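Biologist: I would like to learn how to read a structure. Where do we start?

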Amino acid sequence: MIKEKIKEYANKIGIEYIGFSSVEFSFDFIERLKERRLNGHLSGFEEKDEFKRVDVSSILSNAKSFISIAVPYRTVDLDYSRPYLSKSSLGIDYHIVLKNKLELLKVFLKEELGAESIYFCDIGPLHDREIAYKCGIGFYGKNTNIYTKKYGSFVFLGELITDLYIEPDYPIESKCGSCDICIKSCPVGAIEKPFYLNSKKCLSFITQKKETLTYDEMIKMGSRIYGCDICQDVCPFNKKAEYSNIVDFKPESWNINIEVERFLTMSNKQFKETFQKTSAGWRGKKVLQRNLIIALANLKSKEGYNKIKSLIEDEYFSYYVKYYLNRLGEFK
Ligand code: B12
């Protein structure tokens, strides 16, 4: 059977979660995307036009199936009393790790089954979660993440569109029940109702925002330098979830033990050799350094004090240095 053959190969290249579905989307899905857009609650990082998000035939003519994969990434727990990057930004950028696996699958589909296929991970018009949901990879949590049985929501998603017909798997209905701990635990109330995130409020988005941050946004960022995991950390399903053994996602020490002086003074070359290789790198050095200053301000930490103070003349950092000094009680 085609499906078993693909699964067997996927397991061989380290993919534990793989599922299949047709390429049609429900009207409900389009409506949900539209609701978010009309309410102005999209982040701006995703394709805005909901019809482009479902127009699979313009990506691959004669498309018949989706193949979705999920790859676990939580390798460690983090100390939030220090400035930190979220668990999805540790180790090598997941776009690279998943694309390597998807490329192998694409070659396999071509060589073994004569099929054409195109793959995506994160970037592009497709909605990775809805495809994973359709392919039975896992269920939607109220925090909008897709949950697998073994690794909880700490999985990255990617998919192939292929012209091969593959017997579909079935979606799994949400198992959240009456639990709403993720909704209650979000410090900014970004999950405005079950399965509905206002991306503009989400702290993950705020850490990635290039525009000048408001006082309230800065306060709420806490010790985050990039991303936010709170709605996943508090989830009872994730408490039981297993850790990932994928070596690529194991962080190096510079990635988790942030050395303040070094982080604030690193050259472009040093940045390229370290943080740019992670999934936080695309936002650039300045945004991450800005967030570190805000994190230290919120922690009322004097680590790197002289360096930070010296940035008050810098056109970009000045505003954030003033916030830092204000939090330390030195700028009134
Ligand atoms: C834009 C984006 C963001 C934005 C907006 C997130 C969001 N929830 O929309 C921001 C910057 C905030 C963000 C944050 C994060 N992201 Co992000 N992001 C994306 C991106 C590029 C597009 C998502 C999108 O289209 N959102 C638009 C809205 C409409 O979709 P949605 O919230 O997912 O809503 C769906 C459900 O809620 C559902 N729904 C609503 N009501 C109901 C009711 C029922 C009954 C059901 C069944 C479903 C349902 O409807 C929507 C469509 O199905 C995807 C990659 C991709 N191309 O798909 C990654 C992606 C979603 N992100 C991912 C990750 C890892 C994260 C973070 C954990 C990173 C971090 N640590 O900071 C956080 C999680 C925050 C959160 N709770 O969502 C993973 C998620 C993996 C997973 N297991 O689900 C993805 C899939 C990337 C990847 N390829 O692995 N992200």
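Modeller: Start with burial. A residue is buried if 20 or more other C-beta atoms lie within 10 Å of its own, exposed if 12 or fewer, and partly exposed in between, with C-beta atoms placed from the backbone. Helices (H or I, at least four residues) and strands (E, at least two) are DSSP runs, numbered from the N terminus. This is a predicted model: local features need pLDDT of at least 70, side-chain atom pairs count only at pLDDT 80 or more, and totals for chains, interfaces and linings use all residues. Residues are numbered from 1 along each chain as its sequence is written.

Biologist: How do I read the two sides of a strand, and which residues of β7 point each way?

Modeller: In a regular strand the side chains alternate between the two faces of the sheet. In β7 (155–162), Val 155, Leu 157, Glu 159 and Ile 161 point one way, while Phe 156, Gly 158, Leu 160 and Thr 162 point the other way. All of these residues are buried. Because eight of the eight residues of β7 are buried, the strand is largely enclosed by the rest of the structure.

Biologist: Which strand pairs with β7 over eight bridges?

Modeller: Two strands pair if DSSP finds at least two bridges between them. Strand β2 (residues 65–72) pairs with β7 in the antiparallel sense over eight bridges, and Ser 65 stands opposite Thr 162. Strand β4 (residues 117–120) also runs antiparallel to β7, joined to it by four bridges. There, Ser 117 stands opposite Thr 162.

Biologist: And how many bridges join β1 and β2?

Modeller: Six, again in the antiparallel sense. Ser 22 has Ser 65 of β2 as its bridge partner. Strand β1 (residues 17–22) is mostly covered, with five of its six residues buried.

Biologist: How do I describe the chain as a whole?

Modeller: Count the elements, then look at the overall dimensions. The protein chain has 15 helices and ten strands. Its radius of gyration, taken over C-alpha atoms, is 21 Å, close to the 20 Å that the globule rule (2.2 Å times the number of residues to the power 0.38) gives for 332 residues, so the chain is as compact as a globular protein of that length. Along the principal axes, the C-alpha atoms fill a box of roughly 70 × 40 × 40 Å. Of the 332 residues, 39% count as buried.

Biologist: Which domains does the assignment give?

Modeller: Domain bounds come from an automatic or database domain assignment. Here it gives domain 1 (2–162) and domain 2 (202–235 + 252–327). Their C-alpha centres lie 29 Å apart. The contact between them takes 25 residues from domain 1 and 22 residues from domain 2; two residues are in contact if their C-beta atoms, placed from the backbone, lie within 7 Å. On the domain 1 side, β3 (84–85) and α3 (94–113) each supply at least two residues.

Biologist: Where does the ligand lie relative to the domains?

Modeller: Both domains give residues to the shell around the ligand, so it lies between them. A residue is near a molecule if its C-beta atom, placed from the backbone, lies within 6 Å of it. By that count 40 residues surround the ligand, and the closest are Glu 46, Ser 86, Phe 195, Ser 204 and Gly 227. Elements that each supply at least two residues of the shell include α2 (27–38), β7 and α6 (203–208).

Biologist: What classes of residue make up that shell?

Modeller: Ala, Val, Leu, Ile, Met, Phe, Trp, Tyr, Cys and Pro count as nonpolar, Asp, Glu, Lys and Arg as charged, and the others, Gly among them, as polar. The shell has 18 nonpolar, 14 polar and eight charged residues.

Biologist: What about Glu 242: which residues does it contact beyond its neighbours in sequence?

Modeller: Leaving aside neighbours within four places in sequence, Glu 242 is in contact with Lys 150 and Tyr 151. Glu 242 sits in the loop between α9 (236–239) and α10 (253–256). With 13 other C-beta atoms within 10 Å, Glu 242 is partly exposed.
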